[in-house]
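I set out to record, entry by entry, what I looked up in this structure. Each entry begins from one point of interest and follows it through its surroundings.

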Amino acid sequence: MLSKEDNELVTRVGPGTTMGNLMREYWVPAMLASELPAADCDPVRVMLLGEKLIGFRDSNGKPGLIQNHCPHRGASLFFGRNEEAGLRCVYHGWKFASDGTCVDMPNEPAESDFKHKVRAVAYPCQERGGIVWTYMGSRQNPPALPDLEPNMQPDDKVVLAAMQRECNWLQGLEGDIDTSHLGFLHLAPSSPTTPDPIRSPITRSTIAPRATRWSTPTTAPCTARTGPAQRDSTTGALPSSCSPSTP
Amino acid sequence: MIPTGVSGLQVLTRAWVPMDDEHMMFYSMGSQASQAQSSNVNANRRMVRQRPGETLQPNTTDWYGRFRLEATVRNDYLIDRDKQRRKEDYTGIPGIHTQDQAITESMGTIYNRTQERLGTSDVMVIRVRRRLMEAARALAERGLTPPGVDNPEVYRQRSGGAFIPKDANWLEATAELRKAFVEHPELDPALAG
């Protein structure tokens with residue numbers, strides 16, 4: 001059970017919220033790479049952490065994620081022309097590169113330097129293992145992508161799925177770490193005592209016990225730090241408390 | 001990462017990404033080698049997996065038009081009450097992901113945690129919430145870098161199930177199995193399935 005304040009804290013993720021700021025310190029999956037199938041393909045509306053963004057792949061094949069509203073007068077860049085290494089607003093022709101710089105402002109006089117003073121919000125993107133990752137945080141130089149093994153396979157070895165859910169993110173995640181529901185919600189046939197309902201022993205032993213015995217070793221949390229963790233000077237190992245797999 | 005599958009062979013990560021406070025996108029990333037025996041890889045959508053009961057509507061260009069299941073709250077997730085009654089499966093809702101989706105959406109768009117009653121089996125949920133709040137407050141109040149941000153190597157992990165001696169320390173007994181990028185030719189994939 002959480003207090004009302006804590007429930008608000010963990011569920012609200014828009015710009016400036018406490019949880020939203022935490023998430024923005026990490027790389028987050030923004031799209032499947034297959035949503036941007038080719039250079040200069042159609043832009044895609046992407047809602048992410050409460051921000052309306054336009055995903056596009058420029059002429060060089062580089063994915064970009066840029067603010068929906070053109071910095072000029074707010075027209076949606078979704079309708080923009082994805083051409084010659086940038087997204088051009090179809091209202092007045094202002095054009096933005098995938099890093100947010102304004103590269104053309106054709107309705108300003110030739111001698112105007114206004115385009116150098118205008119910049120669109122654009123988040124750095126990296127494409128790996130069929131996922132377009134983005135960094136929406138405060139650092140000038142984003143951290144490295146997390147070493148997630150399934151995301152580091154060759155593209156033709158990766159199996160991906162994406163599914164939208166019409167609810168807050170945390171109750172989705174909480175379902176995934178709640179092993180107790182496996183023996184109920186996902187059971188087929190619907191009795192764990194049916195003779196050999198699930199043939200494979202590991203799956204059966206995961207699903208069949210309905211009142212699980214827990215072993216919950218007490219580990220120090222991988223506490224927040226002001227800088228990179230101190231490695232052991234002889235082995236180079238990180239402190240064991242940094243393993244995200246220990247509950 | 002999930003507890004089903006054979007520890008040491010399963011290479012799978014999931015992400016729960018907020019679109020906004022009332023919508024999220026679930027991503028699953030797996031390696032073909034570890035999923036080939038248990039999933040149908042749809043040849044027409046290379047790299048994208050769809051299992052029975054998890055058919056997607058065609059994507060639209062709407063803000064919320066990406067990767068929506070055909071089974072939604074508006075059709076009661078295609079629940080088959082006869083199947084439920086005959087005990088063919090527990091819910092009558094087709095597809096494991098659809099079952100999860102139906103039940104987590106049914107908790108309310110933004111689940112209100114002020115009224116719940118958590119029991120013994122909810123210890124993991126409790127711990128995760130606590131750590132999330134700690135990390136979020138440490139960043140907000142003290143400017144501390146959140147866990148893992150500068151340590152990409154801590155994500156080199158695998159999940160799954162394993163049989164170990166009853167009196168063994170499970171962390172030690174599974175240490176090798178939980179390491180990423182390690183081959184385990186001695187393990188039988190048929191243990192999962």
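**Entry 1. Loop in chain B**

In which loop of chain B does Asp76(B) lie? I find Asp76(B) in the loop between helix H1 (32-35) and helix H2 (81-85) of chain B. I note here that the model is predicted, and I read each entry accordingly.

I looked up the backbone of this residue: phi of Asp76(B) is near 50 degrees, a positive value in a residue other than glycine. Most residues other than glycine have a negative phi.

Leu78(B) counts as partly exposed because it has 17 C-beta neighbours inside 10 Å.

**Entry 2. Chain B as a whole**

I then listed the secondary structure of chain B, which has five helices and two strands. Along the sequence I read the pattern β-β-α-α-α-α-α. Of the 193 residues of chain B, 33% count as buried. Among the contacts in chain B with a separation of 6 or more, 44% are between residues 24 or more positions apart.

**Entry 3. The strands of chain B**

I next examined strand E1 (12-20) of chain B and strand E2 (residues 23-31) of chain B. A hairpin through two residues joins E1(B) to E2(B). The two strands pair in the antiparallel sense over eight bridges, and Val17(B) stands opposite Met25(B) in E2(B).

Is E2(B) largely enclosed or open? Nine of its nine residues are buried, so I record E2(B) as largely enclosed by the rest of the structure. In a regular strand the side chains alternate between the two faces of the sheet. In E2(B), I see His23(B), Met25(B), Tyr27(B), Met29(B) and Ser31(B) pointing one way, with Met24(B), Phe26(B), Ser28(B) and Gly30(B) pointing the other way.

**Entry 4. Where the chains meet**

Which strand of chain A pairs with E2(B)? I find E12(A) pairing with E2(B) in the antiparallel sense over eight bridges. Within that pairing, Val159(A) stands opposite Gly30(B).

The contact between the chains takes 99 residues from chain A and 104 residues from chain B. E12(A) gives the most to the side of chain A that touches chain B, with eight residues. I divide the residues of that side into 48 nonpolar, 35 polar and 16 charged.

**Entry 5. Helix H3 of chain A**

I turned to helix H3 (169-176) of chain A, one of the elements that supply at least two residues of the side touching chain B. Six of the eight residues of H3(A) are buried, so this helix is largely enclosed by the rest of the structure. The buried ones are Trp169(A), Leu170(A), Gln171(A), Gly172(A), Leu173(A) and Glu174(A). I looked up what covers them: the list includes H1 and E12 of chain A, together with E1, E2, helix H3 (96-105) and helix H4 (123-142) of chain B.

**Entry 6. The nonpolar core**

I recorded 65 residues in the largest nonpolar core; those with the most contacts inside it are Ala30(A), Val46(A), Ile54(A), Leu65(A) and Ile66(A). Strand E12 (residues 158-165) of chain A provides the largest share of this core, six residues.

What does Ile66(A) contact beyond its neighbours within four places in sequence? I list Leu53(A), Ile54(A), Leu77(A), Leu87(A), Phe96(A), Gly100(A), Ala120(A) and Ala122(A).

Phe96(A), one of the contacts of Ile66(A), has Cys102(A) in E8(A) as its bridge partner. Strand E7 (residues 95-96) of chain A and E8(A) pair in the antiparallel sense over two bridges. I place both in an open sheet of four strands, in the order E5-E6-E7-E8 (chain A), with antiparallel pairing. Its edge strands are strand E5 (81-82) and strand E8 (102-104) of chain A, each of which pairs on one side only.

**Entry 7. Domains of chain A**

Finally, I noted that chain A is divided into domain 1 (8-147) and domain 2 (178-207). Taken over C-alpha atoms, the centres of these domains are separated by 44 Å.

Key. Residues numbered from 1 in each chain as written. Chains lettered and ligands numbered in written order. Predicted model: local features only at pLDDT ≥ 70, side-chain atom pairs only at ≥ 80, totals over all residues. Core = buried A, V, L, I, M, F, W, Y, C linked by C-beta atoms within 7 Å. Buried ≥ 20, exposed ≤ 12 C-beta atoms within 10 Å, placed from the backbone. Contact = placed C-beta atoms within 7 Å. Nonpolar A, V, L, I, M, F, W, Y, C, P; charged D, E, K, R; others polar. Pairing = 2+ DSSP bridges. Domains from an automatic or database assignment.
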